[in-house]
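Notebook open, model on screen.

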Amino acid sequence: MDNGRRWWLIVVAGLVAGLYLFQSVGYEAGIALIAATIAGVVALKWYRKRNPPPGPSVRCVRCGTTLSATARNCNQCGSASWTYIN
Ligand SMILES: [Zn+2]
């Protein structure tokens with residue numbers, strides 16, 4: 001399945017879900033639900049931007065450089081040995 005066809009399916013599925021929503025709860029409630037969903041997603045993104053989830057801090061054993069939690073080896077000295085700070 002190519003990418004364009006997948007997007008088309010997602011759009012159609014969204015339209016069908018939207019129509020079903022409007023039919024079952026009514027036009028105003030449907031609009032309110034969609035608005036609340038969008039507001040929730042925006043609020044969550046805004047919250048995540050301001051408060052990124054704290055990952056474990058990683059430090060190189062050889063040179064002491066602070067590394068990202070997903071780093072496989074040190075970007076300063078190339079050592080593959082690292083330890084958690086806390
Ligand atoms: Zn290092």
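I looked at the helix pair first: the axes of H1 (residues 3-25) and H2 (residues 27-50) come within 7 Å and cross at roughly 130 degrees. Axes here are lines fitted to C-alpha atoms, for helices over the stretch in contact, with angles from 0 to 180 degrees between N-to-C directions. H1 and H2 are therefore oblique to each other (under 35 degrees is roughly parallel, over 145 roughly antiparallel, 65 to 115 roughly perpendicular, the rest oblique).

Next I listed the contacts, meaning C-beta atoms, placed from the backbone, within 7 Å. From H1, Leu21, Phe22 and Val25 meet Tyr27, Ala29, Gly30 and Leu33 of H2. I sorted these residues into six nonpolar, one polar and no charged, with Ala, Val, Leu, Ile, Met, Phe, Trp, Tyr, Cys and Pro as nonpolar, Asp, Glu, Lys and Arg as charged, and the others, Gly among them, as polar.

A note on ground rules: this is a predicted model, where local features need pLDDT of at least 70 and side-chain atom pairs 80 or more, while totals for chains, interfaces and linings use all residues. Residues are numbered from 1 along each chain as its sequence is written.

Zooming out, I read the element order from the N terminus as α-α-β-β-β, by DSSP runs (helices H or I, at least four residues; strands E, at least two). The C-alpha trace spans about 65 × 35 × 15 Å along its principal axes.

Key:
Contact = placed C-beta atoms within 7 Å.
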